[in-house]
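These are my notebook entries on one protein chain.

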Amino acid sequence: MNAPATPNTQHWLTFQLDGQAYAAPLVQVSEVIRVGEVTPVPGAAADLLGIRHLRGRVVPVLDGRRRLGLPPRDGDTDSVRVVMLNHASHAVGLRVDAVGELLLPGADAVAPPPPGRAARVDDPVTGVLPWKGGFVALLDVRRLCRLPEADAA
């Protein structure tokens, strides 16, 4: 089981969405792949691009921009990737604009999310980390992918 560690004791993989840096715990990232062929699912949530086959498994692929309430992407798609995320027995792909680098925050570097974000019950941002003149929003994979708290497996 991939139990999330505290934000300042683990590596994070950064990625870009609409010019903003986000990061997921590296321990919950299985791989980064090209988008490939995604099959739409009729009646699915607006942020679900569809499903795709990945080494014998059918995995849902979320649009990272839609999931976080950002505008759709226009133009160049060469850097677009799918970050494969895992939580317990679940695997979910997240389409991102570009993949960045690995971070290992210092003990006191992580701050709480900006005020006002807590109003969203499903807000996946758990903290922020100052980075390159801005910040990286640290994400909770379970909440980002809307997965159950306890896995029944």
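**Entry 1. A polar contact.** I looked up Asn86 and found its side chain joined to that of Ser30 by a polar contact of 3.4 Å. I count as a polar contact a pair of N or O atoms within 3.5 Å; within protein, one must be able to donate a hydrogen and the other to accept it, and residues adjacent in sequence count only if both atoms are side-chain atoms. Asn86 lies in strand S6. Asn86 counts as buried because its relative accessibility is 15%; buried means under 20% relative accessible area, exposed over 50%, and partly exposed in between (1.4 Å probe, protein chains only).

**Entry 2. Ground rules.** The model is predicted, so local features need pLDDT of at least 70 and side-chain atom pairs count only at pLDDT 80 or more, while totals for chains, interfaces and linings use all residues. Residues are numbered from 1 along each chain as its sequence is written, and side-chain values use heavy atoms, with hydrogens and water left out.

**Entry 3. Overall layout.** I noted two helices and 10 strands in the protein. Helices (H or I, at least four residues) and strands (E, at least two) are DSSP runs, numbered from the N terminus. Along the sequence the pattern reads β-β-β-β-β-α-β-β-β-β-β-α. Of the 153 residues in the protein, 37% are buried. Taking contacts between residues at least 6 apart in sequence, 55% join residues at least 24 apart; a contact here means heavy atoms within 4.5 Å.

**Entry 4. The sheet.** I traced an open sheet of five strands in the order S3-S6-S7-S5-S4, with mixed pairing. Two strands pair if DSSP finds at least two bridges between them. Its edge strands are S3 (29–33) and S4 (48–54), each of which pairs on one side only. On average, neighbouring strands of this sheet are turned by 30 degrees against each other, direction ignored; the axes are lines fitted to C-alpha atoms, for helices over the stretch in contact, and angles run from 0 to 180 degrees between N-to-C directions. S5 and S7 run parallel and are joined by three bridges. Leu62 has Leu94 in S7 as its bridge partner.

**Entry 5. The core.** I then checked the largest nonpolar core, which has 20 residues. Such a core is a set of buried Ala, Val, Leu, Ile, Met, Phe, Trp, Tyr and Cys residues joined through side-chain atoms within 4.5 Å. Phe15, Tyr22, Val83, Leu85, Leu94 and Cys145 have the most contacts inside this core. At least two of its residues come from each of S1, S2, S6 (81–87), S7, S10 and helix H2 (141–144). I listed the contacts of Leu85, leaving aside its neighbours within four places in sequence; among them are Ala24, Val29, Val92, Leu94, Leu144 and Cys145.

**Entry 6. Salt bridges.** Side chains of opposite charge can pair when their charged atoms come close. I took a salt bridge to be a side-chain nitrogen of Lys or Arg within 4 Å of a carboxyl oxygen of Asp or Glu. By this rule there are eight.

Asp63 forms one with Arg95, with their closest N and O atoms 2.6 Å apart. Asp63 is in S5 (57–63) and Arg95 in S7 (90–96), 32 residues apart. Asp63 counts as buried at 5% relative accessibility, whereas Arg95 is partly exposed at 26%.

Arg65 and Asp18 form another, at 3.6 Å from N to O. Arg65 sits in helix H1 (64–67) and Asp18 in the loop between S1 (12–17) and S2 (20–25), 47 residues apart. At 8% relative accessibility Arg65 is buried; Asp18, at 37%, is partly exposed. A salt-bridge network links Asp18, Arg65, Arg73 and Asp97.

Lys132 counts as exposed at 65% relative accessibility, and Glu101 as partly exposed at 35%.

**Entry 7. Backbone angles.** Which residues other than glycine have a positive phi? I noted Asp18, with phi of about 55 degrees, and Lys132, with phi near 50 degrees. Asp18 is in the loop between S1 and S2, and Lys132 in the loop between S9 and S10.
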